[in-house]
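Biologist: Let us go through this model and ask what stands behind each label.

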Amino acid sequence: MKRRDFLKSILSLPVAFTIASLRKSSYAMLIDVEKCIGCGKCVIACKLENNVPMDLPISRTWIEGYFDGRKVVMNTKENPFLRIKGNKGFFVPKLCNHCSNAPCVNVCPVSARFHVDGIVLVNKNVCIGCKYCITACPYGATFVHPEEKVTDKCTFCYHRVKRGLKPVCVLVCPTGARKFGELKEGSELYEILKKSRFRVLKPETGTNPRVFYLNLDAVVE
Amino acid sequence: MRAQELVFASILLILIALGFIAAYQMHFKPLIQIEPYESALGYPWRFLVALYVFLVLIGTGAIISAAEILGIRDLEGVAKEAILIAIITITVGLITIAVDLERIERASYALLGYANPLSVMYWMIIFYVLELLFLILEGWFYFRRSLLRQSESKGFKAFVAKVLSLKFLGGFFSKPNRELDLSFAKSIGFLALITAILAYSNLGALFSATYIPLWNDALNPIYFIITAITAGSAVLIISTITTSWLTGEFEEIKRRAVFLLGRLLLFSLLASSIFIIWRTVITGYPAVSELASYSIHNLIFGKFALNFWFLEVFVGIFAPIIALIAGRRNMDALFVAAFLSLVGIFAFRFDFVYAGQIVKKISGISMETAVHPFEIMFAIGAISLLLLLYYILYKLLPMEVEHEA
């Protein structure tokens with residue numbers, strides 16, 4: 001083996017390791033930050049699909065807009081990005097990262113959170129609303145549902161996925177910034193991840209997220 | 001019952017009713033929304049969590065501080081108080097945390113059928129339930145001889161003693177057995193002490209096992225135990241001095257216990273101050289992490305600065321240490337020091353819970369330290385319930401010191 005090939009194989013090890021660790025279970029999401037235009041359709045569609053109150057600042061998915069170092073968040077029907085003029089910015093959709101090593105699953109005292117096909121789900125009939133999962137989640141992706149009085153978060157629209165449909169945020173995105181699918185050899189997601197430099201949020205927490213980002217600025221945590 | 005006692009009990013009952021209304025408001029058809037349910041953006045753990053941590057701290061601390069069970073004879077004088085205070089504060093603490101749950105009716109799920117042994121919170125629930133059971137059992141054996149003695153007299157107190165001692169069952173229950181009772185009380189008391197240490201250090205670990213920089217500290221469990229000793233000795237000093245003042249007699253054995261507790265208080269305050277200094281320096285040290293620095297900056301220079309410097313450091317540590325050193329054999333100084341250190345410990349719990357979460361900002365939205373009036377109403381109700389239970393039980397139970405123990 002040439003030295004160049006050897007170094008290449010060494011450098012690709014972390015990527016291979018991440019993908020290999022995800023093989024057991026399947027679903028994942030890939031978000032191309034360059035394609036997101038901050039229209040907020042995903043936020044509204046998600047709220048409608050999953051009965052999350054439209055006007056409260058809680059959402060299963062939200063968009064962070066970064067303008068000259070300032071962060072603005074869209075998590076209600078109103079789009080705050082439309083008010084910002086003259087500044088260049090970029091948009092980062094966020095949601096539950098469906099961590100393989102999910103802190104919320106570990107800390108829940110009543111086993112209300114669990115993995116199915118790699119997706120972290122909430123058993124709303126069991127959740128006691130202690131909110132430990134909210135404090136444990138490094139991504140701030142979980143909240144208390146005001147009507148159901150249990151914790152709530154993105155489920156990758158599992159009720160749709162199990163019928164062969166896409167999550168609603170993926171479906172409505174006009175630019176195709178979100179891609180969703182199984183992470184198995186030969187799948188579209190697998191091939192893109194294999195060839196691209198992707199990032200996950202807060203890798204230092206060791207949660208092994210299943211939401212991958214392309215073209216993500218280093219300023220985003 | 002004297003007129004003053006009636007007024008005192010009535011006021012407490014009114015305050016308890018207010019607390020009940022507040023709990024009802026928080027859970028069923030609230031007239032005013034608590035907050036726009038923005039837990040992910042705001043503070044998921046709020047005032048009631050701080051209050052719960054404070055209450056169970058007192059209960060655990062009372063048991064650890066009055067470790068009469070370990071053979072410290074000078075603490076015999078406060079053994080009954082310690083058991084009583086521990087049972088009451090842990091019970092009210094558990095009620096408080098149950099009220100903080102969004103689905104209070106599912107509070108028993110962790111014990112019945114849905115346990116997650118990987119969860120630190122699951123173990124917290126288990127340890128506190130066990131601790132409460134052990135304390136009740138220890139108390140029963142510890143009080144049994146006095147209860148049987150009291151049941152020989154006449155009136156309501158005798159009836160209560162008969163019921164609590166289970167004398168009506170006859171046989172073993174109707175005859176005191178000094179050796180057996182003491183040996184059971186000591187064995188179960190030892191288990192209660194172990195579970196108390198496990199429970200409260202586990203509570204420290206519950207905070208540590210998160211991504212929140214101010215909480216993520218492996219020393220939390222040890223620090224929690226030290227502050228438990230502070231709170232426990234402080235509460236025992238306050239209760240013993242107050243009850244002795246009210247009853248008009250201060251037994252020598254109780255006086256000795258109070259002086260020993262004063263020394264324990266001083267030691268634990270000195271240990272606490274070392275922890276506070278190092279936690280502040282290490283968490284805020286530039287090389288640690290930006291988030292950690294941000295959280296500690298908020299604590300010492302930001303929104304929590306007044307709480308931290310005035311209530312935590314000056315009122316909670318500095319002033320009591322001065323009072324304890326200056327007035328070592330003075331009951332008034334001990335009382336003041338104990339009271340101030342309790343205020344400081346509550347401020348610490350409040351700051352710890354709130355300041356920890358301030359950095360968990362997903363949205364860039366500035367978070368305000370919010371304590372809703374209903375939370376304060378409930379807290380007043382909970383403290384009143386605690387006082388009323390202590391008052392009633394102190395009146396009904398045989399609280400005289402068991403000299404031969």
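Modeller: The model is predicted. In the contact between the chains, 32 residues come from chain A and 33 residues from chain B. Strand S3 (70–74), helix H4 (103–107), helix H5 (132–136) and strand S7 (143–144) of chain A each give two or more residues to the side of chain A that touches chain B. H5(A) supplies the largest share, four residues.

Biologist: What makes a residue count as part of this contact?

Modeller: The C-beta atoms of two residues, placed from the backbone, must lie within 7 Å. On the side of chain A that touches chain B, 22 residues are nonpolar, seven polar and three charged.

Biologist: Why are S9 (178–182) and S10 (198–199) of chain A said to stand at the edges?

Modeller: The open sheet has four strands in the order S9-S1-S11-S10 (chain A), with mixed pairing. S9(A) and S10(A) each have a single partner strand, so one side of each is left without a neighbour in the sheet.

Biologist: How do you know that S10(A) and S11(A) pair?

Modeller: Pairing needs at least two bridges. S10(A) and strand S11 (residues 211–214) of chain A have two bridges, in the antiparallel sense, so by that criterion they pair. Phe198(A) has Leu214(A) in S11(A) as its bridge partner.

Biologist: Why is chain B called as compact as a globular protein of its length?

Modeller: The radius of gyration of chain B is 22 Å, and the globule rule gives 22 Å for 405 residues; the value is close to the rule, so the description holds. Chain B has twelve helices and zero strands, and buried residues make up 47% of its 405 residues.

Conventions: Residues numbered from 1 in each chain as written. Chains lettered and ligands numbered in written order. Predicted model: local features only at pLDDT ≥ 70, side-chain atom pairs only at ≥ 80, totals over all residues. Nonpolar A, V, L, I, M, F, W, Y, C, P; charged D, E, K, R; others polar. Rg over C-alpha atoms; globule rule 2.2 N^0.38 Å. Buried ≥ 20, exposed ≤ 12 C-beta atoms within 10 Å, placed from the backbone.
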